[in-house]
Each structure stands twice: as C-alpha cells, then as structure tokens.
Amino acid sequence: MPTEDIRRFVAQAARQEQFLDVISGEEARARFHRHLDLTPRGRDVVPLAAALGRVLAEDATAGVDVPGFDRAVVDGFAVRADDTAGATEDTPVRLRLNAEVLAAGRTPTIPVAPGTATVIATGGMMPRGADAVVMVEHTDTEETGAAAGETGLWLVVGKAATPGAFVAAAGSDIGRGEVVLRRGQLLTSREIGVLAAIGQAEVTVFRRPRVAILSTGDELVAPGQPIRPGLVYDSNAAILAAAVTELGCEPVALGIAADDDESLDRLIAQGLACDALLLSGGTSKGAGDRSHAMIARLTDPGIVAHGVALKPGKPLCLAVTAGKPVVVLPGFPTSAMFTFHSFVAPVLRALAGLPPATTEAVAATLPVRLGSERGRTEYVMVSLVQGADGAEADGLAAYPLSKGSGAVTAFSHADGFLAIDAQAEAVEAGTPVSVQLLGRSLAPADLIVVGSQCLGLNAVLGRLIADGMTVKALNVGSSGGLAAARRGECDLAPIHLMDAATGAYNTPFLSPGLELVPGYRRMQGILFRPGDGRFAGKTAEEALAGVAGQADCILINRNAGSGTRILTDRLLGGVRPTGYWTQAKSHNAVAVAVAQGRADWGVAISSAASLYGLGFLPLREEHYDFVLPTSRRDRPAVRRFIALLESAEVVQALREMGFSR
Ligand SMILES: Nc1nc2c(c(=O)[nH]1)N[C@H]1C(S)=C(S)[C@@H](COP(=O)(O)OP(=O)(O)OC[C@H]3O[C@@H](n4cnc5c(N)ncnc54)[C@H](O)[C@@H]3O)O[C@H]1N2
Ligand code: MOO
C-alpha cells in the first residue's frame, strides 16, 4: 500500500475519535425520543389466519356469550337435581326418559318435567326444567311397557346430583360485552383462539412497521457464501431481522453495503422509504466511513447523538430524519445487540403498537472478580446458576460471559446482564449484584457443568439432552470450574489440571467434599502444517531439538496456568523459542494459528489437529476428568451422566473422536 494511503488512513482514524461526542445513555435516549413520533404506523385488517404475531389495534369485545347456552360437560342425562335427592347405589331413584336425545348442536324440544330425564351428550344444550347432569357411569336403564307418547324406558340414578352439576353456564367463559383482549396485545396462538371463540374472522391490527437493515463492512460475507481468513459472516443482519420480527415489525433486508457511494446512496434511499433504518458496523472506517458520511447528510434534524458512555455501545449513532429513526449500531455483534435492545427496541415497540417491555431483575452474587473500564457504564452478560443450598441472594451465582463485544454467543448463552457503575474500576468476587433478566424464564437446569469444555464432553451432554434433561454448561476453564465446584455451584467441573511438581493430573487438586469422576484421556502433541520438514516424519523429541535454535520457527504457546502450558514448559525445560510469549487460550486457537501460518507449531490435543487438517507428533496423554461435589452425587442427572460416560456407545463415540477411556 502506498505511504500516502497509509498516511490518509491514520489521519482519518484519528478524526473518528473527535466526531464522537460521548454523552450518557439517558441523554442520548432523550435526544432521540424528542424528535420521534412514538405512535403506531396505521392499521390493517387481516384474516384471523394471518394474525399470528400481529398487534391488536382495537380492544376485542365479545358480541356473544361463550358458551352461548347452558351446556352439559359430560355424557349422561339432564335431570332436575331435586328429583335425585338421596339417590345412592342401594337406594336409586327412577326417572322416566323423555323421547329425545340431546346430541351437541340439537335444540331441545321436550322440557324435563318433574320425575323425568333426557339423554344428553357432552356439549349438548340443557333442556328447560333440567338443572344438572348425571354422568352415564352413575346410571342404569330399565324398560317397561310404554304408554302413549312415552319411551317405556326408565333411568335408574345411583348418585344424587347437586344443582348445576356438570353444567357450564352460558357466558361462564366469556360474557357478551366483555373486553376479551386489549389494544396493544401481541397475538399468539392463545389470543387467536379467543378471537375465534367470539366469532371474529378478521382482526384490526397495527400496520407492521417496516424496518430496513443494512450491514456495512468490506469484510462481511453473507451466510451460505464461501469464506476465507480475514472475512466474517454477516451475523448482525440475521440477528436484527429476527429481533425486529420478534417486536412485531417487518424486516426489510438490504444486504451488505458495497463500498461505492452510488450503491450505498441507493441502499440508504431504499432504507429511508421504510419506517426505520438500521445500519451496523463501520462507524469509523472503509465503507462504514462512507455510510456515516451519508447519515451525516441527513437533516430534520439528522444525527442527534454519536457516542454514548456505555460499554458495549460507545460508537452508537442515533439520527432522526422527518420523524424516521435512523441508527448506526456498532459492528461488534454483542454491542449491536445490546444497543439495539436498549435504544432501538423500545422505539420499534412503540411504532408497532406494543406496550413498553416489562423487565425483571433477580438478586445474585458475583462469583469472580470483574475488572471494568472507568468512564463508561459497563454491562456484562451473565449466566445464572443455582449456588449451594442456603447461599445468600436466592442462591444464584452470576457468571460473567466475558467474551467481549465481538462475541456473538454472549447474548444467546446469557440469562441476563448486570451493570457496573461508570466510576467503578472493579467489582470484587462475592459482591451482591442485580441481574436484569433477558426475558426468558429462569428454568433451573437438571445438570450444571462449569469448567473446561471439550468436544467429547459435548457428545456426552448431547445424549443427556436427547434423554430429555436440561443442561447448562459454562466454559470458564479448569481452574474456574474447580473453584465453582468448591463453592458448590455446579454438579460437575470438567478439568485437566496437571500438578507441575509430580506431573499427576486432577487428583492433587481435590479438596474435602469433592470427588473425581474419571473422564477420558486426550492425546496431546505437537501440531504443525503437513509437509513442514522441520516436524514431518520426526519424533516429538527430534523436532523439539531441531526447532529450539531456529529464530524463524514460531511457537504459539498456551496461557499460563493451563495444563498444556505446564506440559510445554516441562518439554522446553527453560528454552524460550520464538513465540514463547504469545499465548492462545484454547486448543482450537493454537490449531488456527498454525493452520493460518501465524505460527509454525504449538501443543494441543489430537482432535484439534484433525479438525484443522494438521500434522501431529504425539507427546503424552492428558486426563480430562470431572470434579463432583459429593453432596450432588445422587442427583438424577449426575447419575445419568456417569452411566452414560460408562456406556459402550459413549466409549465408542469418544474413541472415534480420538479420546480414550
Ligand atoms: N481506537 C479505537 N478503536 C475502537 C474503539 C475506540 O474507542 N478506539 N471502539 C471500539 C468499540 S467500543 C467498538 S464497539 C468497535 C465498533 O466499531 P464499528 O462500529 O466501527 O464496527 P466495525 O469496525 O465495522 O466492526 C467491528 C467488528 O465487528 C465486526 N462486524 C461488523 N459488522 C458485522 C456484521 N454485520 N456481522 C458480524 N460482524 C460484524 C467487524 O468485522 C469487526 O470485527 O470499535 C472498537 N474500536
Ligand atoms: O461498543 Mo464497544 O463494545 O463498547 O466494544
């Protein structure tokens, strides 16, 4: 790239910070709302069959009673309760049967006179005179000679009926004139059933606001297209389209903006024809820089806020033009989702006619220390697990899902989030916190697994889930899992910790109240690109001896404290090859670095090598076991897990993945 271009890029990036005039979230929201018309965008009349997910624009008032008549709720006989007084199996009462059968849908013609009864089916209309139904199970019939106009049939009633027994009164479900659903109600299958029951074939709903969604960034690739290193799949567009739909709006996908002004101009114009326009990414560079420039041209009033003192969400840009919201969300998926839910969703709800969302918070304890950046209110996604019995704050522990703003999984794994004050530098472990729930109900899982994750473990958990059990698995590494087990926060903590002094795995780390469920072994070895003569065809020892002095043979190391790092250090015995200080946090990260040529070798498990088509020189087996708080041993899901682990099917599946039992 010519120096001139680099100079221009650096200058442009420096300018970015300047146009960010960072304000508080409340101030940004207030400015945004000041210019918006937060009322629904018109109405549609739709057939009931097309009403799912729409928002009711008018109260629905019942024009009929439901049920519309007194009806029997069992198969049996319509009687006068008085006539059955004192009836028992030993002293039954005899009633003359009327010459009529009241199937559902029939209008009765013969009143039930004293001493008589009429056959009636479930759903049948109660005849005049009758005030109760006797179940067929409590009766018998007898036949005598029939007089004129009679059936000659007698009902023998073996049980007394109380007035109103097995009769549903007219209007007992819905009364005529009753408002059954209110304006602003989101229509689900349940509400649609109510509308059908009052005979409504059409419904007046709010017009669905059309929300245009545009992703910007040269690195974005639509899902389904081939990808190469350096590019990412466009996840924001899919997330936003789904989130917009969940809010009763209609997403209009504009795709990924190409980096020329003309097509960007066209797409933005297309977006402005909708009720709202959402862009994501590039509030600073490349095509995004152009999109910001285009948004900056909007008037009436145009941009109202660019930069909020929130994390995630700092580069959020809010604009309004002629009453239409135009928002540029940060590109990082967690930032985009977070700012969408806190700034955009309330506006879309209003445009869609939905009432403000109700939020629910629960008290929990933070099990680990959390550092925070001063100056911005920081929101941290957390996963909640039930702590040890008798623990404080409802016994919930809030595990931070600290994957950073760039993660796409934080939201889907999170139960809620907590806020850290802009002035705080950290929140200490053990601090009580309030967790804002993300809406989903907090169903306790049958099995809570906190620790190191592994493909083999996933396979076992998958079978448990297929058996109908619910599992919550948090990836916090071996040491984090061990600490969680000590605090009694999990059923199982998968760990692979090597004792540096003895080389023994896992057992040395147990403390009173904890036991070890033997897991499986994973072969660790040296990963390299196939065909690399420095490794191919050699033993691990030969390869290590060879690369030790080669400055251009780069190692990708593991993070301090990991079992693999301890193993690597033991192997190197004090030698510090190039790359020693570069640390990857997982087996996969080591494999990717080698596969993409950022490093030439690293130590990881064999399954990572096969996943990325790399060469592998075996070193030694690592033990991957499960720490179990003894108090949780008898929980059904724990027992099932242990049984599964020992089953031939799982042993076979693990072997196929390169693990041994
Ligand atoms: N020097 C500074 N750098 C950054 C700052 C800062 O204050 N100083 N702020 C950081 C913050 S905070 C955020 S958030 C990000 C936001 O950047 P942009 O909104 O300009 O977004 P991009 O640079 O385009 O992308 C960031 C990241 O997200 C990926 N991305 C973008 N769009 C999508 C999409 N549709 N689907 C999936 N992923 C997407 C993109 O590839 C980048 O990896 O900036 C920090 N930098
Ligand atoms: O929005 Mo950014 O997340 O603050 O990283």
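Me: What makes the 117 residues of the largest nonpolar core one core?

Reply: In this predicted model, the largest nonpolar core has 117 residues, and those with the most contacts inside it are Leu-278, Leu-318, Leu-348, Val-382, Ala-398 and Ala-493. A nonpolar core is a set of buried residues of nonpolar kinds joined through C-beta atoms within 7 Å, and therefore these residues are counted as one set. Helix α7 gives the largest share of this core, namely 12 residues. Apart from it lies another core, of 28 residues, which includes Leu-527, Phe-528, Ile-556 and Ala-593.

Me: Which residues is Ala-493 in contact with, leaving aside its neighbours within four places in sequence?

Reply: With those neighbours left aside, Ala-493 is in contact with Val-450, Gly-451, Gly-481, Leu-482, Ala-484, Ala-485, Phe-626 and Val-627. Two residues are called in contact if their C-beta atoms lie within 7 Å, so each of these pairs meets that cut-off.

Me: How do you know that the buried residues of α12 line one face of the helix?

Reply: The buried residues of α12, which runs over residues 563–572, are Gly-563, Thr-564 and Thr-568. Seen down the axis of α12, they fall within an arc of 135°, and so they line one face of the helix. Just after α12 comes Gly-573, which takes a positive phi of about 50°.

Me: Why are residues of α13 such as Val-590 called buried?

Reply: A residue is called buried if 20 or more other C-beta atoms lie within 10 Å of its own, and His-587, Val-590, Ala-591, Val-592, Ala-593 and Val-594 of α13 are therefore residues that reach this count. These buried residues pack against β32, β33, β34, β35 and α14.

Me: What makes Lys-311 one of the charged residues around ligand 2?

Reply: Ligand 2 is surrounded by Lys-311, Pro-312, Gly-313, Lys-314, Pro-330, Phe-332, Ser-335 and Ser-405. Lys counts as charged, and therefore Lys-311 and Lys-314 belong to that class. The shell as a whole divides into three nonpolar, three polar and two charged residues.

Me: Which residues come nearest to ligand 1?

Reply: Of the 26 residues around ligand 1, those that come nearest are Ser-215, Asn-236, Gly-281, Pro-330 and Gly-331. The elements that give two or more residues to this shell are α4 and α7, and the shell divides into eight nonpolar, 14 polar and four charged residues.

Key
Residues numbered from 1 in each chain as written. Chains lettered and ligands numbered in written order. Predicted model: local features only at pLDDT ≥ 70, side-chain atom pairs only at ≥ 80, totals over all residues. Buried ≥ 20, exposed ≤ 12 C-beta atoms within 10 Å, placed from the backbone. Helix = DSSP H or I, 4+ residues; strand = E, 2+ residues; numbered from the N terminus. Arc of directions from axis to C-beta. Near = placed C-beta within 6 Å.
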